[in-house]
Structure formats: structure tokens, C-alpha cells
Amino acid sequence: MEKREDWRSILPYLPVVMRSSSLFWPSQVVGALRELGCGRVDSGQLLFIFITELRNSLSLSSEPLAPSAAHGYALFFDELISREECRKWFEEVLPSLGDLLLRLPSLLEAHYENADMVIDGKGATVRTGLRMLDSQEAGIVFLTQELIAALLACSFLCLFPVHDRYEKQLQPVNFDELFASLYNDYTQKQEDKIWCIIHYFQRITSNMPKGVVSFERKVLPWEDDCIHISYPNASFWSTSVKPLCRFEVKSSGLIEDHSSETVEVDFANEYLGGGALRRGCVQEEIRFMISPELIAGMIFLPSMADNEAIDIVGVERFSSYTGYASSFRFSGDYVDDKDVDTFGRRKTRIVAIDALCGPGMRQYREKFLLREINKAFCGFLQQSQYQRDQKIPQENFDAMETSEGKYSYQEIRNSQNDYDMMENSNDIGVATGNWGCGAFGGDPEVKTIIQWLAASQAGRPFIAYYTFGSGALQNLDKVSCWILSQGWTVGDLWNMLVEYSTSRSKGETNVGFLQWLLPSIYDHDSGMY
């Protein structure tokens with residue numbers, strides 16, 4: 001195993017040790033984890049002492065945790081949770097997490113023994129082992145939910161090495177900042193974020209899920225290589241004859257609750273997860289709390305460049321919630337009953353795309369319009385379009401449908417379906433909303449059109465747009481219906497957007513794109529504006 005390039009790339013960022021081709025925990029760590037079932041740790045204060053001892057055993061003492069982390073763990077487990085919840089955590093959940101961590105070396109070895117899957121008809125292999133997926137390195141990683149659970153247990157106990165993560169453009173993945181933030185500046189939403197994590201651990205220790213999650217870095221090459229779709233230029237968009245896809249306006253509801261199967265857009269930070277493990281509590285961070293398996297991607301996926309997106313397929317949702325930002329509240333259990341695909345992944349598809357942050361007036365310049373539309377286009381592309389020369393018969397898609405059974409690594413390995421068959425997007429649209437607006441300061445009308453164009457060019461059959469009460473989008477349904485009635489292509493609408501943006505950039509207009517395009521509707525509704 002030590003000869004594997006994928007393993008060598010990730011080993012420095014994992015807490016386990018390798019010697020003589022075998023993975024193991026140091027003996028002190030093994031002894032400490034076994035003692036968790038003996039009642040030695042029964043409070044938040046003792047838990048942090050235990051964490052410190054584990055870290056010392058792994059020679060991590062030179063990498064200090066957040067200064068208030070100890071107070072945060074003590075505050076949550078000794079003051080904020082009920083006596084019964086505390087007893088359950090320290091007598092049932094924590095010992096089970098210790099047992100899970102004891103199995104981490106064997107889980108990793110099993111993962112690498114069966115990691116590479118032959119999944120194209122030409123006999124070529126696609127690497128799927130856990131590894132560092134660096135910027136500009138397109139690739140995919142498959143992890144079982146059990147392995148993800150063990151990795152997240154390491155995060156809870158702050159066992160990941162910190163060195164070199166910043167140099168690698170990687171987010172911190174230990175939970176020390178999450179708990180330190182609770183103590184430093186207590187808010188109810190921070191407590192409820194932690195409750196989502198605690199609930200996840202309660203669920204997986206009572207009934208370990210058996211599915212699979214994939215994490216893919218998608219890249220649009222800067223230069224045309226005649227195989228992959230490269231980073232499009234302005235001419236590509238202005239001359240596109242692709243028809244616009246169906247546009248559905250959702251004035252209420254949430255992206256993750258969309259009724260049909262879609263690609264759900266994560267309004268991401270360039271660093272996957274954003275402030276999920278700190279104080280952040282907006283769209284991306286909430287998604288990571290209710291589906292904590294997303295956090296695993298932060299371990300090995302460095303920040304995204306302008307020509308990249310990250311696809312995550314198969315995560316399970318464990319928590320219900322209400323509110324947003326400061327009003328966010330954990331509201332109990334969530335049973336995720338979505339079907340699974342042939343690889344054992346839940347049919348939940350999340351694409352992380354990061355918008356320009358604080359773009360101001362530069363967002364109306366063509367250079368930055370291109371940046372945003374190509375970012376969305378990269379995210380919305382399906383695998384069968386990602387490589388130009390792949391053509392998969394429809395009957396192959398029909399033959400692979402299944403929603404039953406458990407999926408072992410060997411079953412995944414034996415799947416001879418083409419890589420492109422991970423998704424048949426003939427009926428899978430995009431569920432999105434005000435991407436890059438809000439705290440990032442983007443123009444919601446421009447971002448709406450950009451995403452519609454990207455989804456249409458990517459061959460998606462529809463875009464479901466959740467307006468989240470944006471006043472600027474009150475007439476979006478009327479304007480989108482009018483645009484579709486004109487029979488415009490992607491190129492037509494792009495050219496209109498560029499014309500508007502040029503005028504906006506020059507100060508020739510200060511109205512929104514929708515009013516600029518169809519002023520008659522706004523004249524009719526002038527009492528509202």
C-alpha cells in the first residue's frame with residue numbers, strides 16, 4: 001500500500017501511522033480509545049483532557065488548538081445539554097465512536113484494496129481512492145459512509161494534523177474552532193450547529209449507514225485539449241444556439257426540499273465548507289450541518305480555482321432545521337428516504353460553486369460575467385458532456401436502475417458501467433437560488449440569468465429557482481415566461497445580458513436587468529416600484 005501515489009498524497013494529513021505496509025494507531029491511542037467504555041470520560045472538561053492526551057500520543061502537541069476550545073467543549077457538554085443527553089453521550093455514543101476509531105486503520109486498508117474501479121467499456125480505470133485532489137486535478141473519490149463517520153470522529157476529537165494545510169489551501173477540519181466559537185461569543189445558532197453534529201453521531205452509532213458518497217473535482221481546462229470541454233470564451237456564449245431550458249420560479253421552499261431529483265447548488269466559498277466549522281451559518285454552512293458527511297470533502301479538496309467546481313453525490317441528510325443565519329435552529333431528526341444509484345449513493349447531488357465575493361461594479365464587466373457563467377457551467381455539466389468523445393446508449397442507463405441492496409466495495413468495483421453513467425441527466429434539472437448574492441454582494445437579477453444560461457448550455461432540462469423573498473425578483477416569473485415565448489437561444493440571452501451590463505457599467509442605466517429588458521411589466525406594476 002505504501003507504493004500507492006494516492007495514499008502517499010493523503011497520509012501526511014491523516015492521524016494514523018504507517019509502518020511495514022500496515023496502518024495502525026500508536027499503542028497509547030489504542031489503550032485510550034478502549035478506555036472510553038469504562039466511564040473514565042463523563043464530562044466536557046474530562047473530554048477535552050482526553051482529547052489533549054490523544055493528541056500528545058500522536059505528537060500533535062506542537063500544533064495548538066483554538067485557545068477557548070476546552071471551555072467550549074465544557075460549556076456544551078456540562079451546561080447546555082440535559083443530564084439525560086449527557087449520560088447517553090458519554091455512556092453510549094462516545095464509547096461507540098472510540099470503537100469506530102479503533103477500526104479506522106482497517107477501514108482505510110479495505111478502502112485502498114478496492115479503491116480503483118474499472119468502469120469504462122475500454123477497460124480503463126478511474127482512480128477512486130482517497131487522495132489529495134489538488135487544484136486543476138480533475139478526479140473523483142469514493143468513500144463509504146462508515147469510513148466518513150470514522151474520519152468525522154477524528155474531527156470531533158481534533159486528531160487531524162494541522163501542519164501544511166494552509167499551504168495546501170485546505171480548510172481546518174478539526175472541531176476545536178466550532179466549540180471555541182460557542183464559548184467566545186455564545187449564540188443559539190452556534191449551539192444548534194453543534195447539535196446537528198451531535199445528532200449525526202447519535203444516529204451513526206446506533207445504526208451505521210452502509211452507503212457510498214463520491215466527491216469529484218471538475219475542471220474546465222484553460223486550453224482546448226480536443227477531449228474535454230475547455231473554458232469557454234465570449235464567442236462561445238454569444239454564438240450558442242442551444243435553446244433555453246424550462247424555468248420554474250419558486251417563491252417559497254428550500255433547495256434541499258425540491259420534490260424531484262435535481263442538482264442542488266451549494267452557494268460555496270472557494271474553500272469548500274466556508275465557515276461551517278467556525279461561526280458561519282448561511283446557505284453552505286447550514287447544508288454542511290444537516291448533512292455532516294459533506295465535511296469529509298474538506299479533508300482532501302483544496303480551494304477551487306475559477307475553472308473548477310466540486311460535485312458531491314450520495315450524502316445523507318440527518319437533521320431538520322428552521323431559520324437562517326442568526327435564526328438557525330436544529331429541530332430534530334430527519335429521515336432521508338431518497339433512492340440510491342447503482343454505486344450505492346443516495347440520489348442527492350450537490351454542486352459547490354463559488355461566486356465572486358464583493359464584486360461591486362466589476363461584476364458587469366464581460367471578464368467577470370464570463371468568470372461567473374463558466375463557474376456555473378462547470379458545475380452544471382454532467383459527466384457525459386465532460387468528455388466529448390463519450391457516447392452512452394440509453395438502454396445502458398435503463399439497465400442499471402436499482403434502489404435496493406447494500407453496496408460493498410467489491411460490488412462497486414464489479415460495476416462495468418461507464419464513468420459517464422453515474423448520472424443520466426435527461427430529467428435531472430438544477431435547483432438553485434440567489435447564488436453569490438446576500439453577503440457576497442452579487443446582483444440577483446444578473447446571477448439568475450447567468451445560472452439559467454449555464455444550465456441550458458449544460459443540457460439541463462429545467463432550472464428551479466428559489467427566490468427566497470428577493471424583492472428584485474418579484475417579476476421573475478413574468479419575465480422568464482416572456483423570454484421563453486420569444487424562442488431565444490442561449491446566445492441571444494447572453495448577448496442581451498452583455499448589452500445591459502455594458503450600459504450598467506458605463507452608468508447609462510441603473511435599473512435591474514429584468515426591468516431593462518421588459519420595462520412594460522414594470523410600467524404596469526409601477527405602483528410597486
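Where is the place of G253? Select G253 and you land in the loop between β7 and β8 (262-268). Helices (H or I, at least four residues) and strands (E, at least two) are DSSP runs, numbered from the N terminus.

Before moving on, a word on what is loaded. This is a predicted model, where local features need pLDDT of at least 70, side-chain atom pairs count only at pLDDT 80 or more, and totals for chains, interfaces and linings use all residues. Residues are numbered from 1 along each chain as its sequence is written, and side-chain values use heavy atoms, with hydrogens and water left out.

**Stop 1: around G253**

Stay on G253, which counts as partly exposed at 47% relative accessibility. The cut-offs are under 20% relative accessible area for buried, over 50% for exposed, and partly exposed in between (1.4 Å probe, protein chains only). Contact here means heavy atoms within 4.5 Å. G253 and F468 are 215 residues apart in sequence, but 7.8 Å apart in space, C-alpha to C-alpha.

**Stop 2: the eight-stranded sheet**

Next, show the open sheet of eight strands, ordered β5-β6-β9-β12-β8-β13-β14-β7 with mixed pairing. Two strands pair if DSSP finds at least two bridges between them. Look at the edges: β5 (139-144) and β7 (246-250) each have a single partner strand, so one side of each is left without a neighbour in the sheet. From one strand to the next, the twist averages 20°.

Inside the sheet, pick β13 (residues 429-432) and β14 (residues 462-466), which run parallel and are joined by three bridges. V430 stands opposite I463 in β14. Then bring up helix α7 (residues 145-156), which packs on the sheet, touches β5 and β6 (212-219), and has a direction at about 85° to that of β5. Axes are lines fitted to C-alpha atoms, for helices over the stretch in contact, and angles run from 0 to 180 degrees between N-to-C directions.

**Stop 3: α18 and S480**

Helix α18 (residues 476-485) lies across β7 and β14, running at about 175° to β7. Within α18, click on S480. Is S480 buried or exposed? S480 is buried, with a relative accessible area of 1%. Not counting residues up to four places away in sequence, S480 touches F247, V249 and W452.

**Stop 4: a pair of helices, and α8**

Select helix α3 (residues 44-57) and helix α4 (residues 69-80), which pack at an angle of about 140° with their axes 7 Å apart. That makes α3 oblique to α4; angles under 35 degrees count as roughly parallel, over 145 as roughly antiparallel, 65 to 115 as roughly perpendicular and the rest as oblique. To see the contact, show G44, Q45, L47, F48 and I51 in α3, which meet A69, A70, Y73, A74, F77 and D78 in α4.

Now colour helix α8 (residues 176-184), whose buried residues are D176, L178, F179, A180, S181 and L182. These buried residues pack against α4, α7 and α9 (188-206).

**Stop 5: a hairpin**

Last, go to strands β10 (residues 319-322) and β11 (residues 329-333), an antiparallel pair with four bridges. Y321 has F330 in β11 as its bridge partner. The two strands form a hairpin with six residues between them, and G323 in the turn has a positive phi of about 80°.
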